[in-house]
Amino acid sequence: MTAPIEVSGSDSEAQPDAVLEGVGRKAIEGRSLGQIAWMRLRRDKVAIGGGFVVLLLIIVSLPGVTPLLAGWFGSPPNEFHQNLVDATLGSPTKPFGGVSADHIFGIEPINGRDLFSRILYGARVSILIGVLATLVSVVIGTVMGIIAGYFGGWVDTLIARTMDVFLAFPLVLFAISLVGVIPNDLWGLEGNNLRIAILVFIIGFFNWPYIGRIIRGQTLSLREREFVDAARSMGARNSYILFKEILPNLVAPILVYSTLLIPTNILFEAALSFLGVGINPPDPSWGGMLSQATELYSVAPHFVIVPGLAIFVTVLAFNLFGDGLRDALDPRAR
Amino acid sequence: MVAFIVRRLLGAVGLLLIISAVTFAIFFLVPKAAGVTSDDLAGRFAGRQPDAATLAAIKDRFGLDDPVPVQYGKYIKSIVAGDTYDTGTEKIDCPAPCLGYSFRTNQSVLDQILDRAPVTLMITLGAAVLWILAGVSIGVISALKRGTIFDRAAMSVALAGVSLPVFFTGLLSLAFVVHSWNLLPEVNYRGLGDNPFNLLLPWICLAFLYAALYARLTRAGMLETMNEDFIRTARAKGLPERTVVVKHGLRASLTPIMTVFGLDLGLLLGGAIITEKTFSIPGLGQLALDGIFQSDLPVVLGATMTAALFIVLANLVVDILYGVVDPRVRHS
Amino acid sequence: MAADKHAAGKRAGAERDAKAAELINAVPGEEGGGRGAPSAFLEVRDLKIHFPTDDGLVKSVDGLSFQLERGRTLGIVGESGSGKSVTSLGVLGLHNRRNAKVSGEIWLDGQEIVQASPDEVRRLRGRKMAMIFQDPLSAMHPFYTVGHQIIEAYRVHNDVSKQVARKHAIDMLGRVGIPKPDQRVDDYPHQFSGGMRQRAMIAMALSCDPELLIADEPTTALDVTVQAQILDLIRDLQQEFNSAIIMITHDLGVVAELSDDILVMYAGRCAEYASVDDAFHRPLHPYTWGLLGSMPRLDRERTERLLPIKGTPPSLINVPDGCAFNPRCAYRDLNDGKSTTERPELRELEPGHKAACHLPLERRREIWNDEIAPKL
Amino acid sequence: MRSPKVVTGATAGFVALSLGLSACGGGDDGDDKGGSGKFNAGATAVANPSDHKGGVLKMAQPDDFESLDPANIYYAYGLNFVRLFSRTLMTYSSKPGIAGTEMVPDLAEAKGVPSDGQKTWTYKLKRGVKYEDGTEIKAKDIKYAVARTFDRGVLHNGPSYFSQLLAAEGYKGPFKDKNLDAFKGVETPDDYTVVFKLKRPFSEFDQVVGFSGQTAPVPADKDKGVRYGMHPVSSGPYKLEADYQAKKGGTLVRNSNWDPSTDPNRKQLPDKIEVQSGLKAEEIDSRLLAGTVQVDLPGSGVQAAARQEILTKPKLKANADNPVAGFHWYLPINTKNIPNVDCRRAIVYAADRSAMYRAYGGEVGGVMATSIQPPAIPGRDKGTDMFTKADPNFTGDPTQAKAALAKCGKPNGFSTVMTFRSDRPKEKATAEALKQALDKVGIKLELKGYPSGTYTNEQLGAPKFVAKENVGIGTYGWQPDWSTGYGYLQPISDVKAIVPTGNANNAEIDDPQINKMWTDVTAIADPAQRAKVYNQIDARIRDQAYILPNVYAKSLLVRPPNLTNVYFHQGYGMYDYANLGVTG
């Protein structure tokens, strides 16, 4: 937390926030809000740590990088190493899940596949779905939120009610059923590409009201601000006001809540995979590995720990970074 | 206040209607669009190797060849007015609210739901007690001791907590607490007759996640509230700090937490799916999952509607409670 | 995360009362006087309230001294961020103890407050000193009735039954001019109008007969017509209770109306301290001139323009070297650059009239008489 | 490796001493500190024999029976269980080893007498056999029981052999047509004679009558249609104490109107039998190991946790059996999507049998399959490997596979879809293993998992789906309805067995040679002669690479020390539930 937050009362005009506010908005010293946020963020070691892990995960997930790393530190994700596994029990013969120089995270029970590279390839799926689904949510949520907040009236009522309906849906059930009933080739996609697309769509589609509500609220208050009044009084069209006046002011909250939505979506994807509607094997996914582990935790407890920690570290990193970003961009949020 | 409640009730019913229609559409129209015929649907109810006559008999019984709106109409009608089901030799009366009859399990869907609901209820309530006690108190203390070691430690744990899904903590605890160390028995809760403390592990795993969330929420809410003008006023009056914190601060910051709590509770009461799946507890979530994976449409519809009902009800209760707690809402 | 509800710089149009000239002369405090309990009812000595932040040290109050006697009113004026509110909170002990670094002394009726334990200060609050806040809607708890909040304030310092306290609350509500107090006592703050709410707030503040009343912009959030009523009410109550009042405002009209003395704050320090008469007719600080110049007046020709102060208040982290006001001061070049290098001391230039400015006194008088006054 | 010969030879009967069978399963286990038995003691002989009466026998299951209506059950464990309270015309002999697969008379005095070229089968009823209420069981009750199986809309879980075989065109069942005389498929010339009229010759009608509960007599006035299953009327040694509670359980108590002298196949040892449903599988395991539950009803073996414990602790292992159960887990190769025999053979050549074997848990999980028919089928030939090797170290023959691909005209391989049951880790592992192996020769598999709840009806068991999704191969397992080559092979290889949903002929085999053999074999009266034909069909299936053999399932069963008269029943593929007792 960079900005000290007062517990006991003291007038806002003496608040450091307010001081910065005075400096910040029109930049008396030529520092933009973004620069100030960056300054604050840089000072937040924990958030930077989180951001570093996030960056690392993204780099690791890049198409060219994953196989390279898997090659250096492991073996191909689908290669069997059954000689390392007890044929009857299915557990790795070596202790600690078969950790060795060749398999730094150990091996999968039964097949003996290299856990490191499976975790690595799983990261790819998680990050991809997490980020893309967030993008879907943010696009829908922002558009709907702005429309509802800006135009108000029956449009607002309609959209707000729609969001209520969405929020009242038992999402997980719906997502599972939908994945189950959607045909096997669609939109010119098939196989796991289609699976990923469907997961992205479903996760993103069901989560937009969370962003929508926030954007709607922000738009509502922005609409009443002087600069919008000013633009309107000068005869600016709605589209101009929306895109030139309101949208730029929504960039900060959108950025913050997107960052915080990504881990939620990663968890959602992991949950769906855990419940059995994730991507198809043999491609690895973290939730899918845990789902497999429900049958194997007694034989190979490391098979719970490794993918579980991968989820934990990833989600934590995004959360830390998102929290830091929020504190930096919008110290008074919440 | 009465008008307020009536208005909310009507809204809730409307919401349920919409949800049921959408649910119905998804389960009937989407498969249809994907090329599933009524024969296929009938096949879902048949056993091994059904012949054409069997399929025809099943289609006839379920009205699978009716247009979807007609089927939806029948569904709503049976919820409102009840229905009777023909088992072949005898008519089974299914009084309102009749959520349908599962021909896979030969049970009325409502019976199955009523059978499972107590299990989910126990999971949820036990966890809720834990997470409210732990989450709110930690959040309050953290807010009041902002910046201290306690605050930093608590918030670090909380942030870790919100990043730990139940299917990880649950499996971990099963692998070690139950299996390796034999500290607790297998989770085997099946209904009200069983010892609820058998649910200790699911409670802890579920509550840990939510307690973390609530600690963060409470802390943020408390910090905001303790910065409000009326807190300064309370202090200016010379009230003891404890009164200021509890009576003026906590009371005001609990209302938004109440909203979130209502939603979470509603969501979980409709089926703590992941917890139930992780620990294989036969609650509403498992019922719904089984229904989906067995294509038992009446059960899936019933479970979805129940889940939605809980969410809508929870919203309703929260709205009304809001009116009770906050006079401004009551008077508006 | 203080919500910036009272938008800075939003000035209610003040009605200037022409009675400023009749104001009584205030007794200025002995700055840096001897240690130990002072004779004055309230004495603030070299008060500093600093907030260390990641962005630097915020010097909200930076060496402030003043005195106040019972039955008299001190107006503290200044722009947003000048430290006037923090000062009042410091007196009440309501500054954030964890974040703030406080030094100096505050003596209230022979008791020192800065060094006192939080609980000792708490016992003084509400009973010996009370505060009226700017926005009564946000300053009252939305979930409790007005009566409840007054009763609570009364009972914490008086060991009486609820019934007695309730009678007292109704009585207080009546005294501040709320009609049907026995009914309104059970209403919630949001059911009151703005003016009535502020009256209720005042009733709450006065419920224990405090000897020091701090009013922080008590009329800013109110309609103009209601403002005058509230000011009248405060003045009447002061006569009744013989309280000392600190009136915090950026509205010189309010000060002129109510105060005996005036303390002009700039960047956490005192720029000028004078009786109201001196301050309005013989001000000795360019900043005060600016304040007077930017005050709209009914008796001014409409063709004339206001004389606003250029620029914005300084960041309290990076207070300009020398005179804090120098970047905005039109006269800073008239004293060999001293304004940008050396901090001017607060000097008593006339009896009871102090100012902190490097300009030669005569030069200041000239400027006021020749350049400023005619334009006002 | 356990040789089928050993199984055939080990019809030890009621011998107190069990065979050591050191050749079996998880190796030898000489130390006998564990109490009542030795590892595999109950696999081929009766373990812990006793005539001790009394006690409560506790059974548990994670899910529930499809129904307790004997006519509305298809799962073997359900059919095994309902023997406790329902008697049928014929039933499996209650003997360990392969003798258990023999059909013996139950309510009937003797085996069915065929006439009219195997188109008419006549059974004489034993006299004086009673229902739980003391009324005597008559021929009309059996006719009624058979008639009700014609209404598939009401009783849709059970097998449909009677409606397929009996000459009763257009009959819709007694729920729609109360007049039983309209049902021509069964005649009852007197109270103790039941005559079945078939559309076509069928030599294994005794098996049809005996394997399921569909000839268990039902008093017409007690029939409540689908809800009869909540409280079926008993004709066996036990009866339901009260209505059975779905997903909860129920209790069986002694039936005093059961006469042991008429029933050599059942015993009445415990006072009570308690069934608890919905108990978590892991919990059942730990209770089995603790001896607080005696029987895990599904009988398919313990879960991973208990399995590990049993195999690593000799004391526990001594009270476990590891017999070859009824299933053969194999992989049908769809002939519609992969019509070329050499392309199919390429798959068989390339398959990594070692990895697939390990997927099922190695030597404790199964026996590498050589034939399609599992060892429990009397008269079955072990078969030859043809294009693969039943060797735990055989990882496929890419060279031969490539050659076959070249012959098929696709030297660079091809792509197809492979399905599996997503909630069955072993099938998933099998699919992954096959994909790895086929990748090496250029055959690209796309793996798709589906829930087992819909798999056999909507995905692999639905030819339309298979065609639409280009499913070339899938995981599947088949247990025979009854233990003959017909019971095993006909549903999975006869073109007539292909149905739009719930199809078991997943390869969609439509082979003129095989079809002809199926048509002819039903008229052959001699079982040994028939077995020869079955073995020819078996070989033809492998030669044409319609099915990739994989593993004959072995299950790891716990036999608590306080459970008596325990033996693995070949007919049901689990312990025989009708003869168990408890001590202590």
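**Close-up views of a predicted four-chain complex****View 1. Strand β10 of chain D and its two partner strands.** In this predicted model, strand β9 (residues 249-254) of chain D is joined to β10(D) by 5 bridges, and the two run antiparallel. Strands are DSSP runs of E with at least two residues and helices are runs of H or I with at least four, both numbered from the N terminus; two strands pair if DSSP finds at least two bridges between them. D:Leu252 stands opposite D:Ile273 in β10(D). Strand β1 (residues 56-61) of chain D pairs with β10(D) in the parallel sense, over 6 bridges, and D:Gln276 is the bridge partner of D:Ala60. A residue is buried with 20 or more other C-beta atoms within 10 Å of its own, exposed with 12 or fewer, and partly exposed in between, the C-beta atoms being placed from the backbone.

Residues are numbered from 1 along each chain as its sequence is written, while chains are lettered from A and ligands numbered from 1 in the order in which they are written. Because the model is predicted, local features need pLDDT of at least 70 and side-chain atom pairs count only at pLDDT 80 or more, whereas totals for chains, interfaces and linings use all residues.

View 1. Four strands follow the order β4-β5-β7-β6 in an open sheet of chain D with antiparallel pairing. β4 (113-115) and β6 (186-187) of chain D each have a single partner strand, so one side of each is left without a neighbour in the sheet. β6(D) is joined to β7 (residues 193-197) of chain D by 2 bridges, and D:Glu187 has D:Val195 as its bridge partner in β7(D). Helix α4 (residues 139-148) of chain D packs on the sheet, touching β6 and β7 of chain D, and its direction makes about 30° with that of β7(D). Axes are lines fitted to C-alpha atoms, for helices over the stretch in contact, with angles from 0 to 180 degrees between N-to-C directions.

**View 2. The contact between chains A and B.** Here 41 residues of chain A are in contact with 49 residues of chain B, contact requiring C-beta atoms, placed from the backbone, within 7 Å. On the side of chain A that touches chain B, α13(A) gives the most, with 9 residues. The residues of this side divide into 30 nonpolar, 8 polar and 3 charged. Ala, Val, Leu, Ile, Met, Phe, Trp, Tyr, Cys and Pro count as nonpolar, Asp, Glu, Lys and Arg as charged, and the others, Gly among them, as polar.

**View 3. Backbone geometry in chains A and C.** The peptide bond from A:Pro281 to A:Pro282 is cis, with omega near 5°, and A:Pro282 is found in the loop between α11 and α12 of chain A. In strand β1 (residues 42-53) of chain C lies C:Asp46, whose phi is near 50°, a positive value in a residue other than glycine. C:Asp46 is partly exposed, with 13 other C-beta atoms within 10 Å. C:Asp209, in the loop between α7 (194-206) and β7 (212-216) of chain C, likewise has a positive phi, near 50°.

Definitions and conventions. Two residues are in contact if their C-beta atoms, placed from the backbone, lie within 7 Å.
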